[in-house]
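Please look at the sequence and the structure shown below. The paragraphs that follow lead through selected parts of the structure, one after another.

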Amino acid sequence: MIWKSVIPMEEVQRCLLCHDASCSRNCPKGMDPAGLIRSIRFENEIGAAHRLPAQNPCEACSAPCESACVRGEYPIKIREVCLALGKDRAQMENVGNAPVDLSCEFCGVRLENPFLLSSSVVASTYDKMARAFEMGWAGACFKTICNFIPREASPRYSALSSQEGFYGFKNIEQLSCNSLEEDLEILRRLKRDYPQKRIIASIMGRDEAEWTMLARLVEQAGADMVECNFSCPNMEQGGLGVDVGQSPEAVAKYTAAARRGTNLPLLAKLTPNVGDMTPMAVAAVRSGADGLAAINTVKSIMGMNLDTYATSPSVRGLSGVGGYSGKAVKPIGLRFIWELASHPELQGVPISGMGGIETWRDAVEYLLLGANHVQITTAVMQYGARIIDDLLEGLRLYLQEKALKSVSELVGLGVQNVSALEDLERESILLPRFDRSKCVGCGRCYLSCRDGGHDALTMREGKPVMNPRACVGCHLCVLVCPMRAIGDYGRRIPQDTLAGPRA
C-alpha cells in the first residue's frame, strides 16, 4: 500500500500477540488494541486504520490498556501506536469501497478464497480443521495419509529466531500419526459438517498398489482433490518422500498409479531439494496430474550446540537433516513457482503455492509469479489460525486499491518481469537517494560501503556523503540503513560515469 506510516514499529514488534489479550479486555472505549497491533504486524495497516473510529478515542484516554499489558514494567506503548494509526486517515479514505471477489478456481474446484492450510500438523485433526474453517479458511490439505503409522522423535522442532519470532523453522516430523481408518473418518466428518470447504487429501504410498488404493479411499471419503506427496524430506527410507521427488521416472510411475485410483483433480507436490524442479513437474503432468504443488520444506541442518556439538532438535544427543520452512524460504519458493509457471510445457497447469507465507503480501507475491492459490503452515504454527483475518482483509484492500475485481486477475502478472540475468540492462547506474532529514548519523551505511561495498561514502559532519563517480549503484546502503533514510528511487546515470573499471 502507498502509505507513509508514522507507526512506531519498534513497539509493534515488541507486542507478544497474546491470546485473549488483557489490553483489549481493559479498553474502556470497547476497542480491540491487540487486534489493531496484530494487523499492523501482519502488514495490514490500512485494515487496522479502517477499524478505528473517525474520532480516535485514544486521544482522550489514560491508556488503562497499557497498565494491563503483560509486559509489566515495560508495557507496549499502545496509545502511541493507536494515535499514530489514526493520523493521516485521508490517505486511506478511498480504499476499501469497491466490491471484490476473493474466490478462485483451482483444477475446476471453486475456493471461497485463496488461503488453505497446508499438509502438516495444522491440518491433522478434525478439531483443528473445523476451527480453521469457521475462522474463514477456504480449506485444507490434510496431513499426509499413509497405510502405516510412523513413530515420531521428540523433540522434533527447532528455529532461528529474532525479536519478532522465528523466521526459520526446522522439523523432523513425518506423516499422519493416525491410522488409515481414523484419517478417512476425519475426512468424512469434515465433508459432512463443512460441505462448502475444500479438502485436499495428501497421500503417500510405499508401492504402486498403495498409491492407487489410497487415492481411491480418500475419494470415497469425500476429498475434493488428491495431493501426491513426492517431497517429504523426513521420509527417505524405502523410496519414500523426497527420494521419489528427485526422480522423473518415480514421479511418473506413482502419479500414474494414483491416477488409476481416482477421478478427482490430482496434484503432484514437488521438492525444492533439486537443482531443477521442472523435469519432475513435466513427468507428473504427462502421467495424469492436473496440477502442481510447491514447495515442500528444504533439507537443512541448524542449531549446533557449541558445548555438546549436537545439532537441533537434539534427540538424546543426535539429530539429522530435516525440513526447513518459515519466512526465510519464501525466495526459494518464489523461484520455483516462477520456473513452473514460465516453463513452455507447463503453461496453464494450475499451481498451489507455498513456502514462507505469513502475510497477504507474501501470498500476493506467489500469485503474481503464477500460483493460483496458496497453502500455509509455519505461520499458523507460530501465530495461530487467526492470521486468516488479516490475510483476507489485506488482500481485499489491496485488490480495491489496484482497482482489480478478483483474485484471478493477479495470477501471473509478474512472470514476464523475471528474466535471465544476462538480459538485464547494464548501461546505466541507479544512484540511491539520501534523505538527510531522516538520517541520524549512525554510520552504518558508511561502514558497509567501505568494508563490503564499493567505497563510495565518506562521513562529513556526522552524516554520510556519496561520491556519485565512485558509486556503482549496488544499493547495499539502502538495505543496511536502519532508519530507512536511503531510497532506491534516485537518478540513473550512464555506466561510463564511473571513475574507472571495477572488479
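In this predicted model, Gly 353 stands opposite Val 374, a residue of strand 14. The pairing to which the two strands belong is parallel: strand 13, residues 351-353, and strand 14 are joined over two bridges.

How do the side chains of strand 14 (residues 373-376) point, and are they buried or exposed? His 373 and Gln 375 point one way, Val 374 and Ile 376 point the other way, and all of them are buried.

Strand 3 leads on to another part of the structure, helix 7. Strand 3 (115-117) is among the elements that cover the buried residues of helix 7, and these elements also include strand 4 (139-145), helix 8 (180-193) and strand 7 (198-203). Helix 7 itself comprises residues 126-135, and its buried residues are Tyr 126, Met 129, Ala 130, Ala 132 and Phe 133. Why do these residues line one face of the helix? Viewed down the axis of helix 7, the buried residues fall within an arc of 165°, so they line one face. The other side of the helix carries Asp 127 and Glu 134, which are exposed. After helix 7 comes Gly 136, whose phi is positive, near 130°.

The empty space inside the structure remains to be described. Rolling a probe the size of a water molecule over the atoms shows where such space is left. The structure holds five cavities of 30 Å³ or more, and the largest cavity has a volume of about 500 Å³. This largest cavity is lined by 36 residues, of which Ser 119, Ser 120, Asn 296, Thr 297 and Thr 377 are the closest to its centre.

Which elements each supply at least two residues of this lining? They are strand 4, strand 6 (165-171), strand 12 (322-325), strand 14 and helix 15 (378-383). Helix 15 gives the most to the lining of the largest cavity, with three residues.

How values were computed: Residues are numbered from 1 along each chain as its sequence is written. This is a predicted model: local features need pLDDT of at least 70, side-chain atom pairs count only at pLDDT 80 or more; totals for chains, interfaces and linings use all residues. Side-chain values use heavy atoms; hydrogens and water are left out. Buried means under 20% relative accessible area, exposed over 50%, partly exposed in between (1.4 Å probe, protein chains only). Helices (H or I, at least four residues) and strands (E, at least two) are DSSP runs, numbered from the N terminus. The arc is that of the directions from the helix axis to the C-beta atoms. Contact means heavy atoms within 4.5 Å. Two strands pair if DSSP finds at least two bridges between them. On a 1 Å grid over the protein atoms alone, a cavity is a set of points where a 1.4 Å probe fits but cannot get out, and a pocket is an open set with protein on both sides within 12 Å along at least five of seven lines; lining residues have an atom within 4 Å of a point. Grid points are joined across faces, edges and corners, and a volume is the space filled by probe spheres set on the points.
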